[in-house]
Amino acid sequence: MSLSDIQNHISSAVSKANRKLDTVRLIAVSKMQPNERVASVLDQGHRYFGENRVQEAASKWPDFRKIYGKVSVDLIGPLQTNKVRQAMELFQAIHTVDRPKLATAIARIAQEIGSCPQLFVQVNTGEEPQKAGIFPSETDGFIASCRALDLPIAGLMCIPPVDEEPSLHFALLAKIAERNNLSGLSMGMSGDFESAIALGATHVRVGSAIFGARP
């Protein structure tokens with residue numbers, strides 16, 4: 001599929017859910033994609049992207065921004081505490097706040113620099129031991145502790161288990177967000193973003209369906 005195909009599918013899903021189109025942001029996941037493919041999507045006017053690694057984003061986006069102007073780039077991969085300052089200077093949102101030590105580091109640097117990206121708490125909805133994220137039963141307390149640090153928590157993020165029905169996990173994430181008065185839901189990828197939109201996704205993360213398979 002192309003960028004326009006994905007945009008059309010999103011528009012259709014939003015319409016079916018009786019939502020407004022501007023309530024869903026398409027994050028084009030450009031991790032590990034050749035610069036010429038990223039430039040092609042930029043040339044089509046898209047300005048919202050996602051990266052998995054701080055180092056890769058730092059080598060790519062400052063140059064693109066010199067050419068294309070304002071581009072919003074979100075971190076959707078894991079963040080090490082020693083990369084927090086660099087990440088906060090580079091990204092407009094961080095979708096992977098997943099442990100107290102990271103939240104504390106972000107809060108400390110936010111105080112130092114006087115600003116902070118939008119933050120999403122990553123929830124391990126499937127309670128998978130190999131996957132990052134706060135378990136659902138611990139999420140309310142973690143959100144409260146982040147708020148106590150004056151962190152701008154915008155919403156929640158999840159990556160459902162590959163062998164389970166994703167809509168069950170999207171519904172769980174939406175329920176946790178609602179009881180914590182959070183409006184942001186970063187959920188849904190290339191294969192399931194339409195289901196995510198039906199259940200309230202505000203940010204969908206689509207990579208290979210836009211750019212093609214990664215080299």
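A salt bridge here is a side-chain nitrogen of Lys or Arg within 4 Å of a carboxyl oxygen of Asp or Glu. Keep that in mind for several stops on this tour. The model is predicted, so local features need pLDDT of at least 70 and side-chain atom pairs count only at pLDDT 80 or more, while totals for chains, interfaces and linings use all residues. Residues are numbered from 1 along each chain as its sequence is written, and side-chain values use heavy atoms, with hydrogens and water left out.

**Stop 1: D98 and R99**

Select R99 and D98. Their side chains meet in a salt bridge, 2.6 Å from N to O. D98 sits in the loop between β4 (93-97) and α5. Strands (E, at least two residues) and helices (H or I, at least four) are DSSP runs numbered from the N terminus. D98 counts as buried because its relative accessibility is 12%; the classes are buried under 20% relative accessible area, exposed over 50%, and partly exposed in between (1.4 Å probe, protein chains only). R99, at 26%, counts as partly exposed. Now show what surrounds D98. Leaving aside neighbours within four places in sequence, D98 is in contact with Q122, A132, G133, I134 and F142. Contact means heavy atoms within 4.5 Å.

**Stop 2: other salt bridges**

The structure holds 7 salt bridges. Pick E128 and K131 next. Their closest N and O atoms are 2.6 Å apart. E128 is buried at 15% relative accessible area, whereas K131 is partly exposed at 22%.

Move to R179 and D140, whose side chains meet at 2.8 Å, N to O. This pair links distant parts of the chain: R179 lies in helix α7 (residues 166-179) and D140 in helix α6 (residues 136-148), 39 residues apart. Both count as partly exposed, R179 at 44% and D140 at 30%. Then select E51, E56 and K60. Salt bridges that share partners join these residues into one network.

**Stop 3: strand β5 and its partners**

Select β5 (residues 118-122). Since 4 of its 5 residues are buried, the strand is largely enclosed by the rest of the structure. β5 pairs with β4 in the parallel sense over 3 bridges; strands pair if DSSP finds at least two bridges between them. Look for A93, which stands opposite Q118 in β5.

Next, show β6 (residues 153-157). It runs parallel to β5, and 4 bridges join them. F120 has G155 in β6 as its bridge partner.

**Stop 4: strand β8**

Jump to β8 (residues 203-206). β8 pairs with β1 (residues 25-29) in the parallel sense over 4 bridges. R205 is the bridge partner of I27.

**Stop 5: the nonpolar core**

A nonpolar core is a set of buried Ala, Val, Leu, Ile, Met, Phe, Trp, Tyr and Cys residues joined through side-chain atoms within 4.5 Å. The largest one has 62 residues, and those with the most contacts inside it are I10, F49, W61, L156 and I210. Helix α5 (residues 100-113) supplies the largest share, 7 residues.

Finish on L156. Its contacts, leaving aside neighbours within four places in sequence, include F120, V121, V123, I143, L173 and I176.
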